[in-house]
Amino acid sequence: MTANSTLGKDLTGLEHMTPEQIRLILDTAEPFKEVSERPIKKVPALRGKTIVNLFFEASTRTRISFEFAEKRLSADTVNVAATGSSVSKGETLVDTAKNLEAMRIDMVVIRHGSSGAAEFLGNRIASNVINAGDGKHEHPTQALLDLLTIRDKHGKIQGLKVCLVGDVLHSRVARSNIWGLSKLGAEVAVCGPWTLLPRGIEELGVKVFSRVEEAIEWADVLNVLRLQLERMEKGFIPSLREYYRVFGVTPERLERANREITIMHPGPMNRGVEIDSRVADGPHSVILDQVTNGVAVRMAVLYLLAGGRAELADAAKRGAGSSE
Amino acid sequence: MPRPKAEDRTTLLDARAMSRALQRMAVEITELAGTEDLVLIGIQRRGVELAQRIARLIEQGEGGSARIRCGSLDITLYRDDLETVGPKPVIGETHIPGDLSDTHVVIVDDVLYTGRTVRAALDELADFGRPKRISLCVLVDRGGRELPIQADITGKSVKTSPGDRVDVLVHELDGQDQVDLIQ
Amino acid sequence: MTQPILLQGGRVIDPGKDLDQAMDVLIQDGKIAAVGRGLGTPDGAIVRNMSGRIVTPGLVDLHVHLREPGNEDEETVASGARAAAAGGFTAICAMPNTDPVTDNQAAVGFIVRQSDRAGLARVHPVGAVSIGQKGERLAEFGEMVSAGAVAVSDDGKPVVSSHLMRTALEYARTFSIPVADHCEDPTLASGGVMHEGLVAARLGLKGIPAAAEEIMVARDVLLAELTGGHVHLCHMSTRGSVAIIREAKERGINVTAEVTPHHLTLTEYACEEYDTHAKMNPPLREAADVAALRGALQDGVIDCIASDHAPHAYDEKEAAFDDAPFGVVGLETAFAVAHTELVESGIFTLPELIRRMSTEPARVFRLGGGTLAAGSVADVSVFDCAAKWSVDPAAFHSKSRNTPFAGRALTGRAVLTIVAGSIVHEL
């Protein structure tokens, strides 16, 4: 395996990353924002690199965001969706990966329904692996774009109070956010019905609110999680109607707090379930900034993972003038 | 800038010499390109400061009547050696002041060596538009070219060996103006 | 007739007789002929100098999964019996969740014949509680017992219906056999892959709460009380279960219980990095559970250690955690893991461990063996308790390699295993 870049070979989650590594990604994402504003939204940094977007679960926005990031860095990309490929014919994850690698790919972006799938893949192939969401485990690039959006809006992350509202139990976005936010010094809380909060969550160092009013009272930022509609079918909540009434983030509830609270949502939204449209489209919503930042963050991650094998870099520095 | 011990350091330009060189370069640029269509693009990092300084010198030379457009370019993403960039490639700001069509762009950099940085800069500029002419202005030409690229305007030329280093210090970033050769 | 065997000068431990002394053991005609000092050597006897070795009644494992019939690539009766002998076991009880299920006289007879043919550790069949382990209709206990079944169980899954469990306990009482239950409330455990707790919360894996086990333990205890039948609780994993069993035993209810070496030594943290070799059912729990299980084993609330040897093919465990099957192999590591973690660390004495791995399991399922009394069957194990070795799955006699202890440095190893007076394993 090639040991490259200060991020290591793979990006599987934020739990085991250092604050410095997270800051490096956020800082690197800044200049990439400008690339997407250029007349020609493309730089040759990853020219000749081959990237496979291996999506075992349907996902439109994450896949498109990665694809834009890859294309704006001039990488060659191939999308593999689970349906219609050999994946659905019972080929195992590891066989799929080894086959792709035999075709000499440089990176795999994987979305999979099983927690740990990205780590599993990363441990078995030499290519860089980027986790685009594994089961209920982590979705690191989503949390990174959330961090970047919070930093843009508030100028800092340290000391901010951020509350994740909703289905934390089944949310990989929530887990990655909890790690990323705590590592950068934010205070983190979760809010939702106890059926949708993982047991032991307090031991991760987060506050728990059972009432959304209390969460709003406390928070500088609300990150409203998507409520998967099948949670109702599986009996975690009695009805969407009641969920909206008890946990919905509404203008009325926000007004009562009487101060500015930044509203985020990883998308896709269920308007009128976890979030009211007037909030989602309101002045304090940064939901579309999140989408914009998603491309920049993913460009940064791809660029950092692809770049700079340390030993070569050192050799290059020794050999050449530093000012060139 | 790393400063290993036991190095042989020679000053190529002190603050006064550097000031004179920049003054002369500013004059040469106006002779070459005029001021009307001129756009100075500094290459990150120290090329940006040098470009701004030259722009001010030109403006003073014209009696404060001209406004020289000045921008910055980070060529990191256009390098042909990503794998050797290092573990922490810092990407600086790229700022192109408006449309480049029908302009005379002068690329400003601190040191010209292999020519690869300039090659990358030319590629990157092409993605921002189509200037009618692009020229190259460098403070120090240390030789050692690997590509067919030459400067139009040079502050100082010096012969160096591959193991040498040229350190350019500018007071905006480094607190002093100086150019050293480290052998 | 097999040759007589004289084991000279070993440290002889027979917990049933509170014996722990340097002695000779003489085996003749498949039976223990004598245990004493300075025994004479009969003509033609095999003589082994056992000084520095531990001579014990053969270990007994009440809970193993051999995959014959159905998945002979993972394990057969013969390969399981060989792994058992290599681990110091002279008798093992094969759970009925084979394919097809061991739920009738012929299927039980097949296991007995395969065991006889292998001629290694004894393999006692456990029959199914319900036909096809479907949890609907009782299997024919009487016929299965006559063919050699020593207990009934639907292990692999619980007996969900309380009515069926009640009937099974009553009916089994007729034949003096225990009903061994895999205690798990399937509605609580549904979809779970590891212990419900902090590690599961971090890894984003669905948990199985301790209550899923404890609810069924409590139910089984109540049904044993109701029926007077003997319920044997398989692979206990939680401190709550321990409390329920303790109370039941104090009230004189006919309940016995077992615990696995991995539940005595590993916690939920073994699942970190999605190691599928730490995926088992019941799942590895918390440190407080491990401590409670050790205490319960020490004071007899839990009667014995059983391996829950569950072989799986290599590529089945080479999968995402959610997709891998439950279970680990254990026959070849059970003694050494228990010895290293419990005896070497000073928690148990060696005779206490032998009691929990030989005397007690033999008593619980009313098997022969578990004793060195003169006249009893000559199932004898000999251990080198100073031997240091490291677990190399590639060297296993089992056909499967799925152990959570790979690479672990252990102390104590079976060097000689004798079944019915014949040497079936010798290092």
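**Figure 1. B:Arg9 and B:Asp167 pair in a salt bridge.** The structure is a predicted model. In it, the side chains of B:Arg9 and B:Asp167 meet, with N and O 3.7 Å apart. B:Arg9 belongs to strand 1 of chain B, residues 9-13. B:Asp167 belongs to strand 7 of chain B, residues 165-169. The pair therefore ties together parts that lie 158 residues apart in sequence. Are the two partners buried or exposed? B:Arg9 is partly exposed, at 29% relative accessibility. B:Asp167 is buried, at 0%. Side chains of opposite charge can pair when their charged atoms come close.

**Figure 2. B:Glu59 and B:Arg67 form a salt bridge.** Their closest N and O atoms are 3.5 Å apart. B:Glu59 has a relative accessibility of 12%. Buried means under 20%, so B:Glu59 counts as buried. B:Arg67 has a relative accessibility of 70%. Exposed means over 50%, so B:Arg67 counts as exposed.

Figure 3. From the N terminus, the order is β-α-β-α-β-β-α-β-β-β-α-β. The C-alpha atoms fill a box of roughly 50 × 40 × 30 Å along the principal axes. Chain B has 183 residues, and a compact globule of that length would have a radius of gyration near 16 Å. The value for chain B is 16 Å, which agrees. Buried residues make up 52% of the chain. Now take the contacts in chain B with a separation of 6 or more. Residues 24 or more positions apart account for 72% of them.

**Figure 4. C:Glu247 and C:Arg251 meet in a salt bridge.** The N to O distance between these side chains is 3.2 Å. C:Glu247 is partly exposed, with a relative accessible area of 39%. C:Arg251 is also partly exposed, at 41%.

**Figure 5. Salt bridges link five residues of chain A in a network.** Which residues take part? They are A:Asp27, A:Glu30, A:Lys33, A:Arg151 and A:Asp152. Over all chains, the whole structure holds 53 salt bridges.

**Figure 6. Chain C is in contact with chain A.** On the chain C side, 18 residues take part. On the chain A side, 19 residues do. The size of an interface is often given as the accessible area lost when the parts come together. Here the area buried between the two chains is about 1600 Å². Carbon and sulfur atoms give 52% of that area.

**Figure 7. A salt bridge joins C:Glu196 to A:Arg199.** The two side chains come from chain C and chain A, and their N to O distance is 3.2 Å. The count between these chains is 3 salt bridges. The interface also has 7 residue pairs in polar contact, both residues at pLDDT 80 or more. What classes of residue does chain C bring to the side that touches chain A? That side has 9 nonpolar, 2 polar and 7 charged residues.

Technical notes. Residues are numbered from 1 along each chain as its sequence is written. Chains are lettered from A and ligands numbered from 1 in the order in which they are written. Side-chain values use heavy atoms; hydrogens and water are left out. Contact means heavy atoms within 4.5 Å. Buried area is the accessible area (1.4 Å probe) that two parts lose on being put together, summed over both. A salt bridge is a side-chain nitrogen of Lys or Arg within 4 Å of a carboxyl oxygen of Asp or Glu. A polar contact is a pair of N or O atoms within 3.5 Å; within protein, one must be able to donate a hydrogen and the other to accept it, and residues adjacent in sequence count only if both atoms are side-chain atoms. Ala, Val, Leu, Ile, Met, Phe, Trp, Tyr, Cys and Pro count as nonpolar, Asp, Glu, Lys and Arg as charged, and the others, Gly among them, as polar. Helices (H or I, at least four residues) and strands (E, at least two) are DSSP runs, numbered from the N terminus. Buried means under 20% relative accessible area, exposed over 50%, partly exposed in between (1.4 Å probe, protein chains only). The radius of gyration is taken over C-alpha atoms; the globule rule is 2.2 Å times the number of residues to the power 0.38.
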